[in-house]
Amino acid sequence: MTAEIRDRIVAIIAEQAMLDPAEINLETSPQDAGIDSLGLVESIFAIEEAFDISIPFNANEPEKSEFDISTLGSIIAAVEKLVAEKV
């Protein structure tokens, strides 16, 4: 896990949840942070823009998505993989 990717994603999720980044950790789920489905989609758009990647996430069927959004840690790991594949 790179610190740069982790810190940027934590900042994006914290901003969406209107929390201080110190208030969330890798085990925090978007729901635990208070992010609803619309906020989750907005967070994904922000992450895509921040890292110039396309996230395989279907908001209509999130349980069928290849992108694991269960916790902040899983989101970071999935983004790191997408960023590594981009190079």
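Q: Is Asp7 buried, partly exposed or exposed, and what is its relative accessible area?

A: Burial is read from relative accessible area: buried means under 20%, exposed over 50%, and partly exposed in between, with a 1.4 Å probe and protein chains only. Asp7 is partly exposed, at 44%. This is a predicted model, in which local features need pLDDT of at least 70 and side-chain atom pairs count only at pLDDT 80 or more, while totals for chains, interfaces and linings use all residues. Residues are numbered from 1 along each chain as its sequence is written, and side-chain values use heavy atoms, with hydrogens and water left out.

Q: How many salt bridges does a search of the whole structure find?

A: A salt bridge is a side-chain nitrogen of Lys or Arg within 4 Å of a carboxyl oxygen of Asp or Glu. The search finds 2. In one of them, Arg6 pairs with Asp7, with the closest N and O atoms 3.2 Å apart; Arg6 is partly exposed at 30% relative accessibility. Glu4 also forms a salt bridge, with Arg8, at a closest N to O distance of 3.7 Å.

Q: Where do Glu4 and Arg8 lie?

A: Helices are DSSP runs (H or I, at least four residues), numbered from the N terminus; strands are runs of E, at least two. An α-helix has 3.6 residues a turn, so residues three or four places apart point the same way. Both Glu4 and Arg8 belong to helix 1, 4 residues apart, about one turn of the helix. Glu4 is exposed, with a relative accessible area of 55%, whereas Arg8 counts as partly exposed at 34%.

Q: What span should the 15 residues of helix 3 have?

A: The expected span of a helix is 1.5 Å times one less than its number of residues. For helix 3 (residues 72–86) this gives 21 Å, and its end C-alpha atoms are 21 Å apart, which agrees. Helix 2, with 15 residues, reaches 21 Å from its first C-alpha to its last, close to the 21 Å expected.

Q: What do the buried residues of helix 2 pack against?

A: Packing is read from contacts, meaning heavy atoms within 4.5 Å. The buried residues of helix 2 pack against helix 1 and helix 3; among them are Gly39, Leu40, Ser43 and Ile44. Ser43 is buried at 2% relative accessibility and, leaving aside neighbours within four places in sequence, is in contact with Ile12, Ile13, Gln16 and Ile35. The cover over the buried residues of helix 3 includes helix 1 (3–17) and helix 2 (37–51).

Q: Where is Phe57 found?

A: Phe57 is in the loop between helix 2 and helix 3, and is buried, with a relative accessible area of 17%. Not counting residues up to four places away in sequence, Phe57 touches Leu40, Ile44, Pro62, Ser65, Phe67 and Ile69. Phe57 and Ile69 are 12 residues apart in sequence and 9.1 Å apart in space, C-alpha to C-alpha.

Q: Which residues line the largest cavity?

A: On a 1 Å grid over the protein atoms alone, a cavity is a set of points where a 1.4 Å probe fits but cannot get out, and lining residues have an atom within 4 Å of a point. Grid points are joined across faces, edges and corners, and the volume is the space filled by probe spheres set on the points. The count comes to 1 cavity of 30 Å³ or more, and the largest cavity holds about 40 Å³ of space. Its lining consists of Ile13, Ile24, Thr28, Ser29, Pro30, Ala33, Leu72 and Ile75.

Note on methods: On a 1 Å grid over the protein atoms alone, a cavity is a set of points where a 1.4 Å probe fits but cannot get out, and a pocket is an open set with protein on both sides within 12 Å along at least five of seven lines; lining residues have an atom within 4 Å of a point.
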